[in-house]
There are 2 protein chains.
Amino acid sequence: MMLLLSPAELDRLRVVLVRPRNPLNIGAAARAMSNFGFVHLRVVNAYEVAFREARSAMRAASLLKRAQQFSTIAEAVADCSLIVGTAGRDSEAPGPVRRLEQGARLIRAQLANGPVALLFGSEKTGLSNEELSYCHWTMRIPTREEHVSMNLGQAVAVCLYELIRSGRAEPVRSAATCARAAEVDRLTEVLLDALRTSGYVKARTAASTEQKVRRLVRRLKLTPADAELLTGMLRQVCWKLHSAD
Amino acid sequence: MMLLLSPAELDRLRVVLVRPRNPLNIGAAARAMSNFGFVHLRVVNAYEVAFREARSAMRAASLLKRAQQFSTIAEAVADCSLIVGTAGRDSEAPGPVRRLEQGARLIRAQLANGPVALLFGSEKTGLSNEELSYCHWTMRIPTREEHVSMNLGQAVAVCLYELIRSGRAEPVRSAATCARAAEVDRLTEVLLDALRTSGYVKARTAASTEQKVRRLVRRLKLTPADAELLTGMLRQVCWKLHSAD
């Protein structure tokens, strides 16, 4: 896998969950972090029971064990040079509201220099205006106007994916080698044999049917292996057809 | 919000959950679909209780109510011309395994022409090789090698996000109209009939041979006309084989 962020850069992101209520969401956030290579989870004013339950989650257990608890956002982001909030609806957020695609680019650039905090609000209300006031700007996942609000665990997954997502299109695998004409001809002959023996080819239209078959086989653009496989199959069919004659 | 996919294109995606076990995940998949504007949810062999419980989920309730249940993958994807599986680890998947960024581009291009099915496997095992044999190719979310497996609801969210994500999409060669799964299935069945009758399929290895045949037929990437042509040819061959019995 080609990494867009270096290990040092991955290590500089702090995922901050503010007032999470549901242990499953805390666990899901941790799992997505582990999937994409981020390590620092911080929770602010987590509902105590939720946090304890989440810690017992099987997946990403070590990441959860190292998660840090804070009672204020100020403390949770104290070591960061950029603080970004996530918001569904347009809120009275300070600074610009950026679409995720663009926001992620700016975060990546900043991660080269120093720690960045990415804040997610509680399941019900998101980040409050008070909480957003700690952020330099906010980022919005491009959901539909009619259903803006995402599940917390899914929102974390989508944001982290965008951060590690590769912008450069992967080189498309070069077209598979095609079967050579001789191999294609061999397949054509055995298919024609089956069609003649079974009565598909009529004497009156034999020439045009043969052309049709030849063109069809060429359109298949078979690899050498597939041409051989199909030829073997049809040979068996022909053998059976002839043995019944 | 600038839309990358038109409403008609959004309407052509079928999100197919195969053997989902956890109602929360079915609900989470539906919610992500609603967030990003997709509407057609299909479940194959859902654990019955899970499906019933998921239907009572508060979010995306109407989408869940319209979700369709199927007992086989073949039925669930019958109207689709492109079937894409999602896979964590490298499996014996047919066709190429593409990174999500690249796969999503190809899916978007195909959505301009016809319905596309995007398959997600069960929480524990993902898609089996048998299930993957229905897919033209597979797509992989670029997670870390050390923690490949994503939560189902999060995987759905990330894949759908990538589909609607903005970014100058490079012009993708418009995919030729492909035969629908039902047409490909018909061809597969008649080819299998010929191979069984002629003795190519051995009882001991019948299951793996059938998978091999299914994958082969999908690799051919037939147009609807060619699928019909080849099916007609093989029908005649089968007729002759049976009449000789």
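In this predicted model, the largest nonpolar core has 159 residues. The residues with the most contacts inside this core are Ala29(A), Met33(A) and Leu160(A), together with Ala29(B), Met33(B), Val84(B) and Leu160(B). In soluble globular proteins, nonpolar side chains tend to be buried together. Apart from neighbours within four places in sequence, Met33(A) is in contact with Val15(A), Phe38(A), Val39(A), Leu41(A), Ala60(A), Leu63(A) and Leu160(A). Leu160(A), one of these partners, is itself among the core residues with the most contacts.

Chain A has 11 helices and seven strands. Of its 245 residues, 46% count as buried. Among the contacts in chain A with a separation of 6 or more, 83% are made by residues 24 or more positions apart. The chain is divided into domain 1, covering residues 7-164, and domain 2, covering residues 181-244. The centres of domain 1 and domain 2 of chain A, taken over C-alpha atoms, are separated by 60 Å.

The seven strands of the sheet in chain A follow the order S3-S2-S1-S6-S4-S7-S5, and the sheet is open with parallel pairing. Strand S3 (68-70) and strand S5 (97-99) of chain A each have a single partner strand, so one side of each is left without a neighbour in the sheet. From one strand to the next, the twist averages 30 degrees. Strands of a sheet pair through backbone hydrogen bonds, either parallel or antiparallel. Within this sheet, strand S1 (residues 13-18) and strand S2 (residues 40-44) of chain A run parallel and are joined by five bridges. Arg14(A) has His40(A) as its bridge partner in S2(A). Helix H6 (residues 100-111) of chain A lies across S1, S4, S5, S6 and S7 of chain A, and runs at about 100 degrees to S5(A).

In chain B, seven strands form an open, parallel sheet in the order S3-S2-S1-S6-S4-S7-S5. The edges are held by strand S3 (68-70) and strand S5 (97-99) of chain B; each has a single partner strand, so one side of each lacks a neighbour in the sheet. The twist in this sheet averages 30 degrees from one strand to the next. Strand S4 (residues 82-86) and strand S6 (residues 116-120) of chain B run parallel and are linked by four bridges. One pairing between these strands sets Leu82(B) against Val116(B) in S6(B). Helix H8 (residues 152-164) of chain B packs on the sheet, where it touches S1, S4 and S6 of chain B, and its direction makes about 150 degrees with that of S6(B).

The contact between the chains takes 46 residues from chain A and 48 residues from chain B. On the side of chain B that touches chain A, helices H2, H6, H8, H9, H10 and H11 of chain B each supply at least two residues. The largest share, 10 residues, comes from H11(B). By class, this side of chain B has 23 nonpolar, 15 polar and 10 charged residues.

Helix H11 of chain B also contains Ala227(B). Leaving aside neighbours within four places in sequence, the contacts of Ala227(B) are Ala179(B), Glu183(B), Val184(B), Leu187(B) and Leu222(B). Ala227(B) and Ala78(B) are 149 residues apart in sequence, and 14 Å apart in space from C-alpha to C-alpha.

Terms used:
Residues are numbered from 1 along each chain as its sequence is written. Chains are lettered from A and ligands numbered from 1 in the order in which they are written. This is a predicted model: local features need pLDDT of at least 70, side-chain atom pairs count only at pLDDT 80 or more; totals for chains, interfaces and linings use all residues. Domain bounds come from an automatic or database domain assignment. Two strands pair if DSSP finds at least two bridges between them. Axes are lines fitted to C-alpha atoms, for helices over the stretch in contact, and angles run from 0 to 180 degrees between N-to-C directions. Two residues are in contact if their C-beta atoms, placed from the backbone, lie within 7 Å. Ala, Val, Leu, Ile, Met, Phe, Trp, Tyr, Cys and Pro count as nonpolar, Asp, Glu, Lys and Arg as charged, and the others, Gly among them, as polar. A residue is buried if 20 or more other C-beta atoms lie within 10 Å of its own, exposed if 12 or fewer, and partly exposed in between; C-beta atoms are placed from the backbone. A nonpolar core is a set of buried Ala, Val, Leu, Ile, Met, Phe, Trp, Tyr and Cys residues joined through C-beta atoms within 7 Å.
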